[in-house]
Amino acid sequence: MPQAWRPSERAPGPRARIALLGPFRLTDAAGRDRTPRSAHQQALLAVVALASDAGVARARLMDLFWGDKTPQLAAQSLRTALHGLRRGLDTLGAPLLEIDAHRVRLVPGAATVDLLDLAAGDGGLPAHLRADPPDVLEGVNIPAEPFEEWLREQRQHWYDRIEALRDAPAPAVTAVRPAAPPAFVEDRPIVGLLEPVIHSRSYQALFLGEALVDRIAFGLRDYVGARTYDYRDLTTGPDHEAVTRSSPSLYLRLRLYEADGALSIRILVLRHSAQELLWSVQGGPYRLDSASIDSAEILVLLGEAIERVAMTLARDAGSDPDGPLTPFHVLTAMFQINHASLSDLRRGLQSSRALTQDPVYAALQAYLNTFRVGEHWTAQDAPLAEETRALVAQVEDSQTGGIALALAGHATGYILHDHDHANALLDRAIRTAPHSAVCWDHMALHHIYNGRYADARRASQNALRIGEHSPIRFTLDLTRCMIATLEGDFGTASALGRRILTRRPNYGAALRYTSVSLAHLGDTVGAKDCIQRIRRMDPDFSVAWVNEDRMAVRDGQAKAILTEGLIMAGAK
């Protein structure tokens with residue numbers, strides 16, 4: 001079973017000393033100064049050093065130093081900082097930092113840290129600190145409020161500790177160092193991120209290539225719960241032990257070529273120690289002066305790569321009945337539209353939530369509640385609304401991915417009818433994961449419910465382009481069907497609806513909108529057949545669904561279209 005974290009062999013003896021009292025200083029075993037020149041690198045190394053063997057989560061470092069940036073840009077900035085720091089520490093002769101996809105720490109035993117030695121010492125306070133002890137990280141000034149707050153707390157903590165030692169120097173002070181976190185051995189797939197091959201001298205092309213790999217890794221964590229092992233963070237040269245230890249399920253390599261001011265991109269997915277090519281996707285040429293991580297054409301390429309990797313991992317994965325579900329599995333299972341399976345899925349989500357405490361499961365459970373109403377599974381009532389509200393609050397109060405935010409936003413609009421709150425969540429989702437068809441599709445649904453059909457069409461078109469290879473692409477077609485129905489384009493709506501129903505005959509939302517569009521076209525036989533199929537699932541279904549907001553639309557003209565169509569179809 002792959003493991004995300006495995007301690008390194010302890011270093012044979014300290015090869016460096018890190019001084020944090022006063023100005024930051026790093027010296028090697030011979031006393032030579034090896035202090036990084038960059039204040040950012042000094043601050044980063046100080047945070048990691050004070051965490052001792054436990055290390056610091058990459059997400060925490062991103063928040064401390066780049067909390068004002070998007071998750072993707074923060075991840076890129078952290079990678080750049082770590083790369084520069086490791087390169088600067090090469091003069092120590094052996095690695096000082098241990099980095100994996102989740103955490104950064106000092107190699108155990110590789111360095112001594114003056115503050116930790118002070119806390120662990122049994123000889124009281126050293127004489128040179130008695131008269132006028134200096135501040136922690138004196139002179140370090142990083143314009144990031146979370147780091148400044150951390151630094152203020154550290155300075156106060158160590159000032160209090162030194163004052164206590166000045167008053168009572170004799171007693172030994174036992175170090176209280178945080179325990180190392182338990183090894184995470186969950187059987188989730190690992191994707192190895194290989195060094196991109198970039199045939200360009202342009203800094204913009206270099207940044208774009210690295211950002212594309214980061215965005216794919218972020219999308220896979222969000223969508224399939226995949227862990228990533230970033231080989232770009234390894235020191236120069238092959239690291240066979242690290243490769244063996246991480247045991248990736250797949251490897252991903254990006255190739256970027258520049259010619260005559262245009263870029264071509266190819267994303268390769270490999271297996272078996274990066275030797276066997278499974279498939280690749282490619283795009284371009286893109287104009288170098290306008291290519292960006294958020295440009296429409298590149299988002300389409302990213303969407304295809306993420307969907308295909310997700311499907312490859314899903315095919316290869318073994319079934320673990322006791323393990324947590326993934327968003328990809330849950331979404332594809334929901335859209336099988338089978339009531340018995342949905343009941344099992346609800347139990348699986350509750351188990352996954354209890355097992356992992358990951359807010360994505362609260363979002364998925366809230367989203368499943370929209371199915372319970374929309375797919376004629378249960379009535380909408382106060383307990384369902386209260387459960388949904390509590391689940392959405394868990395998502396909103398967490399640092400989670402775009403898909404979780406989009407699903408929570410949809411539940412907020414559809415179940416709770418709080419459309420302003422839904423808009424805020426969906427806006428966060430798009431900004432967090434603009435590469436996700438799921439996010440764009442649910443933004444389109446939000447615009448539909450609020451009568452903004454031009455905005456809905458634009459968001460739906462983005463979803464369709466990005467989600468071209470999604471196994472649930474027919475759900476994106478349903479959004480188009482809904483827009484066409486409410487804009488009066490009943491021919492397009494009925495054609496789309498019928499096509500969807502050939503794949504999912506019991507899809508309640510498709511049956512409702514297809515019945516309305518067929519009725520307006522005069523095909524009452526086809527429309528009434530749709531209503532009869534709904535009533536086999538929900539005998540009480542009627543036009544009251546529109547008036548009770550169970551179809552969620554707010555626009556008066558849209559409500560009239562739905563009401564008239566359902567009445568003509570026999571849903572009185």
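Helices (H or I, at least four residues) and strands (E, at least two) are DSSP runs, numbered from the N terminus. This is a predicted model, in which local features need pLDDT of at least 70 and side-chain atom pairs count only at pLDDT 80 or more, while totals for chains, interfaces and linings use all residues. Residues are numbered from 1 along each chain as its sequence is written, and side-chain values use heavy atoms, with hydrogens and water left out.

**Helix 19**

Helix 19 covers residues 508-521, 14 residues in total, and reaches 20 Å from its first C-alpha to its last. That is close to the 20 Å expected at 1.5 Å a residue, where the expected span is 1.5 Å times one less than the number of residues. Of its 14 residues, 12 are buried, so helix 19 is largely enclosed by the rest of the structure. Buried here means under 20% relative accessible area (1.4 Å probe, protein chains only). Among the buried residues are Arg512, Tyr513 and Leu518. After helix 19 comes Gly522, with a positive phi near 95 degrees.

**Helices 17 and 18**

Helix 17 (residues 473-486) packs against helix 18 (residues 490-503) at an angle of about 155 degrees, and their axes are 8 Å apart. Axes are lines fitted to C-alpha atoms, for helices over the stretch in contact, and angles run from 0 to 180 degrees between N-to-C directions. The two helices, helix 17 and helix 18, are therefore roughly antiparallel, a term for angles over 145 degrees. Residues of helix 17 in the contact (heavy atoms within 4.5 Å) include Phe474, Leu478 and Cys481, and those of helix 18 include Phe490, Leu496 and Ile500.

**Strands**

Two strands pair if DSSP finds at least two bridges between them.

| Strands | Bridges |
|---|---|
| Strand 10 (residues 250-259) and strand 11 | 9 bridges |
| Strand 11 and strand 12 (residues 276-287) | 9 bridges |
| Strand 1 (residues 16-19) and strand 2 | 4 bridges |

In strand 11 (residues 262-271), 7 of the 10 residues are buried, so this strand is largely enclosed by the rest of the structure. Strand 10 and strand 11 form a hairpin with 2 residues between them, and Asp260 in the turn has a positive phi of about 55 degrees. Tyr257 has Ser264 in strand 11 as its bridge partner, and Arg271 stands opposite Glu276 in strand 12.

An open sheet of 3 strands has the order 2-1-6 and mixed pairing. Strand 2 (25-28) and strand 6 (111-113) are at the edges with a single partner strand each, so one side of each lacks a neighbour in the sheet. From one strand to the next, the twist averages 20 degrees. Arg17 stands opposite Thr27 in strand 2.

How values were computed:
Buried < 20%, exposed > 50% of the residue type's maximum accessible area, 1.4 Å probe, protein only. Parallel < 35°, antiparallel > 145°, perpendicular 65-115°, else oblique.
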